[in-house]
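I opened my notebook beside the model and looked things up one by one. Here are my entries, in the order I made them.

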Amino acid sequence: MRAALVGLDFGKNDFAASLDELFLLAKSAGAEPVITITGRRASPDAALFVGTGKAQEVADAVADLQLELVIFNHALSPAQQRNLERVLKVRVLDRTSLILDIFAQRAKSHEGKVQVELAQLQHLATRLIRGWTHLERQKGGIGLRGPGETQLETDRRLLGERVKALRAVLAKLRRQHATQRRARGRSETFSVSLVGYTNAGKSTIFNSVAKAGVYAANQLFATLDTTSRRVYLGEVGHVVISDTVGFIRELPHQLVEAFRATLEETIHADLLLHVVDAASPVRMEQIEQVNLVLKEIGADHVPQILVWNKIDAAGLEPAVEYDEYGKIQRVFVSAKSGAGLDLLREAIAASLKAALEARGRSRSQPVDSEDMHA
């Protein structure tokens, strides 16, 4: 499907990287980006987001190049999307809808499919009026409800019932996850979760460390379903390592909410391996975006090791970096060549050993009688 990409620069320093990302997202969804149209504004236009002049420029490009789709690098309101489709006379997708579409294509497990459908329906609920606006004029007087209103209410009710059913399924899955975690807790098995920006190389690192055969590809959101493996790490014994969904700037809130069951593995982990694409010029912004999502799901308290991956592309050497207290802060690796992966295994073991010792100390400390009465 031939598409135009549209992005507005509001003065943020990651504008170019965000546009590159939109191109990859569009390709991942199966679109063929033919042209990218950009502009600068201080703030979005209330009616058309891009303003009348820019909307006409996009409409001309659609007509000249015979495009079938226009993808905006922003979240559009239902009214803006409606107005743009009227002007451009083709389908308009915003960044949120595009990401939801990719998730729908990639979800493989039952849980992943349920989570994506819930996110899509929640997004659709805000846009349900779109299909029925042409029937609004048919409403009669008191007691004469027009077909538009009746249909819309029917749709809302059916959608509401489906959302309720999906939430019940996810609640059951969350209870199952909690039971599995309690079992791990009783056996005192440490859990480690890989987190990071999409396409940073989490699955490749997971495959190398856990000797697993998880699908890893140079594309956005290659992994949607959490995969866990038991790995033996010397003194600390067996550790459960989990690979999780990648994060992205402006990750739709509906997705974060729907994927809470999956992301809870992250919240309850003993250690996070925050994988960073060391070769990306916007790696610091990507680290910030991941930390924002971790905060949103309540995982910002979990200890982190930053794993700088793709050092071969960044011209860096394998190394371990410590902070002023002697705690491991960063490990530099290349999952592709295998350089530094032995250092990463040692770093995970050392961090968990320190946590184990701290756990032992807290258990052996006598409880103060005043504390007991407090």
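**Entry 1: helix α4.** I looked at how covered α4 is, and found that nine of its twelve residues are buried. Buried here means under 20% relative accessible area, exposed means over 50%, and partly exposed is in between, with a 1.4 Å probe and protein chains only. The buried residues of α4 are R95, T96, S97, L98, I99, L100, I102, F103 and R106.

**Entry 2: ground rules.** I noted that this is a predicted model, in which local features need pLDDT of at least 70 and side-chain atom pairs count only at pLDDT 80 or more, while totals for chains, interfaces and linings use all residues. Residues are numbered from 1 along each chain as its sequence is written, and side-chain values use heavy atoms, with hydrogens and water left out.

**Entry 3: the whole chain.** I counted 13 helices and eleven strands. These are DSSP runs numbered from the N terminus, helices being H or I with at least four residues and strands E with at least two. Of the 374 residues in the chain, 48% are buried. Among contacts with a separation of 6 or more, 67% join residues 24 or more positions apart; contact means heavy atoms within 4.5 Å.

**Entry 4: the four-stranded sheet.** I traced an open sheet in the order β2-β1-β3-β4, with parallel pairing. Two strands pair if DSSP finds at least two bridges between them. β2 (32–40) and β4 stand at the edges with a single partner strand each, so one side of each has no neighbour in the sheet. Neighbouring strands are turned by 20 degrees against each other on average, direction ignored. β1 (residues 2–9) and β2 pair in the parallel sense over eight bridges, and D9 stands opposite R40 in β2. Helix α2 (residues 52–65) packs on this sheet, touching β1, β2 and β3 (69–72), and its direction makes about 160 degrees with that of β2. α3 packs on the sheet too, touching β3 and β4, at about 140 degrees to the direction of β4. For these angles, axes are lines fitted to C-alpha atoms, for helices over the stretch in contact, and angles run from 0 to 180 degrees between N-to-C directions.

**Entry 5: the seven-stranded sheet.** In what order do the strands of the open sheet of seven run? I read β6-β7-β5-β8-β9-β11-β10, with mixed pairing. β6 (227–232) and β10 (319–322) are at the edges, each with a single partner strand, so one side of each is left without a neighbour in the sheet. The twist averages 25 degrees from one strand to the next. β6 and β7 (residues 238–243) pair in the antiparallel sense over six bridges, with Y232 opposite H238 in β7. α10 packs on the sheet and touches β5 (190–196), β8 and β9, with its direction at about 150 degrees to that of β8.

**Entry 6: around β9.** Is β9 (residues 304–309) largely enclosed or open? Five of its six residues are buried, so β9 is largely enclosed by the rest of the structure. β8 (residues 271–277) pairs with β9 in the parallel sense over six bridges, and V275 stands opposite V307 in β9. On β11 (residues 328–332), three bridges join β9 in parallel, and F332 is the bridge partner of W308.

**Entry 7: Q286.** I found Q286 in helix α10 (residues 283–296), buried at 11% relative accessibility. Beyond its neighbours within four places in sequence, Q286 is in contact with Y197, D277 and S280.

**Entry 8: positive phi.** K89, in the loop between α3 (78–88) and β4 (91–93), has a phi near 60 degrees and is exposed, with a relative accessible area of 70%. K310, in the loop between β9 and α11 (311–314), has a phi of about 65 degrees and counts as partly exposed at 23% relative accessibility. K211 follows α7, and its phi is positive, near 55 degrees.
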